[in-house]
Amino acid sequence: MAGPAHRRPAPAVLLDDNDEITPALEAALRAIFARFDADKDGYLNVTELQAFAVATNDREFDQDTLDQIQEFFADDAKLPEIMLAVDGFMDMYHLQTQSDEAETRKDLHRLGFDDQLKPVVTSTPAAATAAPSSSS
Ligand SMILES: [Ca+2]
């Protein structure tokens, strides 16, 4: 079938029929977690969480949000220190996506993923010169 050269496929599904995180979303979330786990210890501490918050929402988490993360998502074995493991990070996004999928999509865009949950390469000069620019 003839069509436009650049068809836009439907956005990737975030939750499957059982309301579970799809493999595509899980892969994106794991990549995001790894990006913000600056010291690579497998946890997001408060400093790393705040870097994530600023990148996603332009502001740090307030104390209420930190309290919720501590209560519901942080690793129990690390309390009272807030240490968010990747499983807790998944749970956090699972809940958010169930209640507000658009918010998760907005976060993913902010964090450099397209509708297909593929990383968007933006800032390397090589890619910029290789890709022909198109006016829209
Ligand atoms: Ca860390």
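Q: Hi! Where is the place of Pro80?
A: Pro80 sits in the loop between helix 3 and strand 2. Helices (H or I, at least four residues) and strands (E, at least two) are DSSP runs, numbered from the N terminus.

Q: Before we go on, what kind of model is this, and how are residues numbered?
A: This is a predicted model, in which local features need pLDDT of at least 70, side-chain atom pairs count only at pLDDT 80 or more, and totals for chains, interfaces and linings use all residues. Numbering of residues starts from 1 along each chain as its sequence is written.

Q: Thanks. Back to Pro80: is the peptide bond from Leu79 cis or trans?
A: The bond from Leu79 to Pro80 is cis, and its omega is near 5°. In general, most peptide bonds are trans.

Q: What about Ile82, buried or exposed?
A: Ile82 counts as buried because it has 21 C-beta neighbours inside 10 Å. The cut-offs are these: 20 or more other C-beta atoms within 10 Å of a residue's own is buried, 12 or fewer is exposed, and in between is partly exposed, with C-beta atoms placed from the backbone. Ile82 is also in the loop between helix 3 (63-73) and strand 2 (84-85).

Q: Which residues does Ile82 touch?
A: Leaving out residues up to four places away in sequence, Ile82 touches Asn45, Val46, Leu66, Ile69, Gln70 and Ala74. Two residues are in contact if their C-beta atoms, placed from the backbone, lie within 7 Å. Ile82 and Leu66 are 16 residues apart along the chain, and their C-alpha atoms are separated by 8.1 Å.

Q: Can we zoom out? How many helices and strands does the protein chain have?
A: The protein chain has six helices and two strands, in the pattern α-β-α-α-β-α-α-α along the sequence. Buried residues make up 18% of its 136 residues.

Q: Okay, helix 5. Which residues are buried there?
A: In helix 5 (residues 101-110), the buried ones are Thr104, Asp107 and Leu108. They are on the same side of helix 5 because they cover an arc of only 100° around the axis; the arc is that of the directions from the helix axis to the C-beta atoms. The face turned away from that buried side carries the exposed residues Ala102 and Arg110.

Q: And what do the buried residues of helix 5 pack against?
A: They pack against helix 1 (23-36), helix 2 (46-57) and helix 4 (86-99).

Q: How do the axes of helix 4 and helix 5 cross?
A: Those two axes come within 5 Å and cross at roughly 125°. That makes helix 4 oblique to helix 5. Axes are lines fitted to C-alpha atoms, for helices over the stretch in contact, with angles from 0 to 180 degrees between N-to-C directions. Under 35 degrees counts as roughly parallel, over 145 as roughly antiparallel, 65 to 115 as roughly perpendicular and the rest as oblique.

Q: New topic: which way does phi go at Asp58, positive or negative?
A: Asp58 has a positive phi, near 65°, in a residue other than glycine. In general, most residues other than glycine have a negative phi. Asp58 lies in the loop between helix 2 and helix 3 and, with 8 C-beta neighbours inside 10 Å, counts as exposed.

Q: What about phi at Leu117?
A: Leu117 is not a glycine, yet its phi is positive at about 65°. With 21 C-beta neighbours inside 10 Å, Leu117 counts as buried, and its loop is between helix 5 and helix 6 (125-130).
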